Amino acid sequence: MNLSIKTLETFILLYEKRNFRDVARILGITQPTVTYRIQELESFFGQRLINSQNNRKLTFTEFGDLAYQELSNIVKRLNHLVENKNGLEEKRQIIISSGEIAGLYFLPMVIKNFNDKFSNIKISLEISSSLNVIKSLSLGKIDLGFIATREFPELKEIESEIKIEKLLPLELVIITPPNHPFSKARIIEPLELVKSKVNFISRSTSSAIQHEFNKILREAGIKIEDLNIVQTFENSSSVISAVTEGLGIGVVSWYQAFRFINAGLIGYAKISTNVKSYLYSLDRWNGKIATINNFLEYTKSYLSLLLKENFSDKY
């Protein structure tokens with residue numbers, strides 16, 4: 001007897017949903033078809049997979065539990081193989097999703113210059129939260145992602161299947177209204193943020209910068225809840241805007257802040273920490289697509305030149 005991948009996927013979905021009707025609806029098939037596929041699988045193994053179909057919630061046999069674990073891995077690998085096969089053909093389009101740092105400050109110019117040399121490659125870019133970048137990558141909706149942390153559990157789940165590279169170092173800085181006492185100190189211990197009870201403007205949990213700042217706080221034995229948080233925003237641009245209005249202080253990367261600092265709109269202070277942060281690229285195709293490899297190499301060359309010309313005193 002030969003088993004189709006549809007039969008395996010039906011069993012996996014039934015195990016997760018525990019409801020024949022829901023599985024039939026999701027797959028667009030009839031309930032008898034779902035039942036037939038499960039029976040087909042039981043016949044193949046010569047083992048019962050389901051304890052009972054009469055209870056409101058399905059329960060599975062010990063063999064059914066084991067089958068779910070093993071078949072899930074098999075189906076995942078098969079689907080990944082199909083994706084790689086389809087992607088090995090030369091790509092003429094690269095879909096990118098990025099957090100603010102790369103998406104606003106680097107990638108637009110990289111894409112423009114790359115397209116000037118390779119006009120036959122279409123590149124689309126969306127700016128999103130780092131968490132949404134990871135989710136889009138795991139769902140196969142994008143080819144490349146750019147984020148500023150590896151701390152998300154959702155990334156750890158897929159990092160063995162993708163290629164992750166450090167692109168450049170990031171320094172997180174405290175930004176303040178002009179002439180704020182912190183900006184005169186130039187370097188601040190994290191504990192001072194708690195002791196001073198200064199109004200703090202935070203980022204949402206979907207933010208890479210917030211995750212990196214949380215690492216700095218943990219190093220100092222502090223939790224984000226220990227700060228006097230007055231606002232929480234989805235992006236660093238909103239944090240910078242709120243700081244310029246005098247609503248409090250916040251933390252962003254130097255790349256996001258330096259233009260506003262040079263214009264005198266905000267002050268800043270360095271953070272006393274041993275935590276090292278970086279901008280990362282996430283390659284869904286794990287280095288298998290020449291077009292994407294070329295784009296990433298071009299991006300790294302651009303960033304290297306940018307550092308030498310504009311930030312050589314910092315890095």
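In this predicted model, the largest cavity has a volume of about 30 Å³. The count of cavities of 30 Å³ or more comes to one. Its lining draws on strand E9 and helix H11 (208-219), each of which supplies at least two residues.

**Cavity lining**

- The residues that line the largest cavity are Phe200, Ile201, Ser202, Arg203, Ile209, Gln210, Phe213 and Val251.
- E9 provides the largest share of this lining, with four residues.
- Sorted by class, the lining of the largest cavity comprises five nonpolar residues, two polar residues and one charged residue.
- Phe213 belongs to the cavity lining and is also among the residues with the most contacts inside the largest nonpolar core.

- Strand E7 (residues 172-176) pairs with E11 in the antiparallel sense, over four bridges.
- Within E11, valine 251 is the bridge partner of isoleucine 174; Val251 also contributes to the lining of the largest cavity.
- Strand E9 (residues 199-203) pairs with E11 in the parallel sense, over two bridges.
- Isoleucine 249 in E11 stands opposite phenylalanine 200, and Phe200 is itself one of the cavity-lining residues.

**Nonpolar cores**

- In soluble globular proteins, nonpolar side chains tend to be buried together.
- The largest nonpolar core here has 61 residues, and those with the most contacts inside it are Ile96, Phe106, Phe146, Leu155, Phe213 and Phe295.
- Helix H14 (residues 290-310) gives the most to this core, contributing seven residues.

**Burial along helix H6**

- Which residues of helix H6 (residues 107-117) are buried? They are Leu107, Val110, Ile111 and Phe114.
- Viewed down the axis of H6, these buried residues fall within an arc of 95 degrees, so they line one face of the helix.

Conventions. Residues numbered from 1 in each chain as written. Predicted model: local features only at pLDDT ≥ 70, side-chain atom pairs only at ≥ 80, totals over all residues. Heavy atoms only, no water. Core = buried A, V, L, I, M, F, W, Y, C linked by side-chain atoms within 4.5 Å. Buried < 20%, exposed > 50% of the residue type's maximum accessible area, 1.4 Å probe, protein only. Pairing = 2+ DSSP bridges. 1 Å grid on protein atoms, 1.4 Å probe; cavity = no way out; pocket = protein on both sides within 12 Å on 5 of 7 lines; lining within 4 Å. Points joined across faces, edges and corners; volume = space filled by probe spheres on them. Nonpolar A, V, L, I, M, F, W, Y, C, P; charged D, E, K, R; others polar. Arc of directions from axis to C-beta.
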